[in-house]
Amino acid sequence: MKAQSLIVIVHVADVDASIKYYTEVLGFTVDFKFGDYAGLIYNNVQLHLNGPTNQGIKKAPGSAHFWIDCDEIDTYYEFIRSKGANVVVPLENRIYGVRDCAVNDPDGNTIVFGMGIE
């Protein structure tokens, strides 16, 4: 087996409110929406939002925490701050060799954006 890609499924309380935050604040675009389930993309990153009325596995909204590796983190950080991102960890260089920041979505799911530094 050769793994091809990974898609994080984030459980949310309100898919439409989450789509608005991820698109208008974080810069994702909607790939598809089917009922209470949606797919978002940002360049090579795919993310799915799973609402409470969608069938299948249920997880508590707000329990996700994931990292998105990116370039030009300073520019992106200023962009999302200007759009009103809920920054919970400001952008800084970390002792473990990355420059990153963390934001929460409306449900408290945490997304870390960062890049390696020399």
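Tyr76 is buried at a relative accessible area of 9% (buried is under 20%, exposed over 50%, partly exposed in between; 1.4 Å probe, protein chains only). Phe113 is also buried, with a value of 3%. The model is predicted, and local features need pLDDT of at least 70, side-chain atom pairs count only at pLDDT 80 or more, and totals for chains, interfaces and linings use all residues. Residues are numbered from 1 along each chain as its sequence is written, and side-chain values use heavy atoms, with hydrogens and water left out.

A search of the whole structure gives 7 aromatic pairs, where rings of Phe, Tyr and Trp (its six-membered ring) pair if their centres lie within 6.5 Å, and planes under 30 degrees apart count as stacked, over 60 as edge-to-face and the rest as tilted. Phe32 and Tyr37 form a stacked pair, because their ring centres are 6.2 Å apart and their planes stand at 25°. Phe32 is partly exposed at 30% relative accessibility, whereas Tyr37 is buried at 17%. The rings of Tyr76 and Phe113 are tilted, with centres 4.8 Å apart and planes at 55°. Ring pairs join Tyr21, Tyr22, Phe28, Tyr42, Tyr76, Phe79 and Phe113 into a cluster.

The salt bridges number 6, each a side-chain nitrogen of Lys or Arg within 4 Å of a carboxyl oxygen of Asp or Glu. One of them connects Asp16 and Lys33 at 3.4 Å, N to O. Another connects Glu92 and Arg94 at 3.3 Å, N to O.
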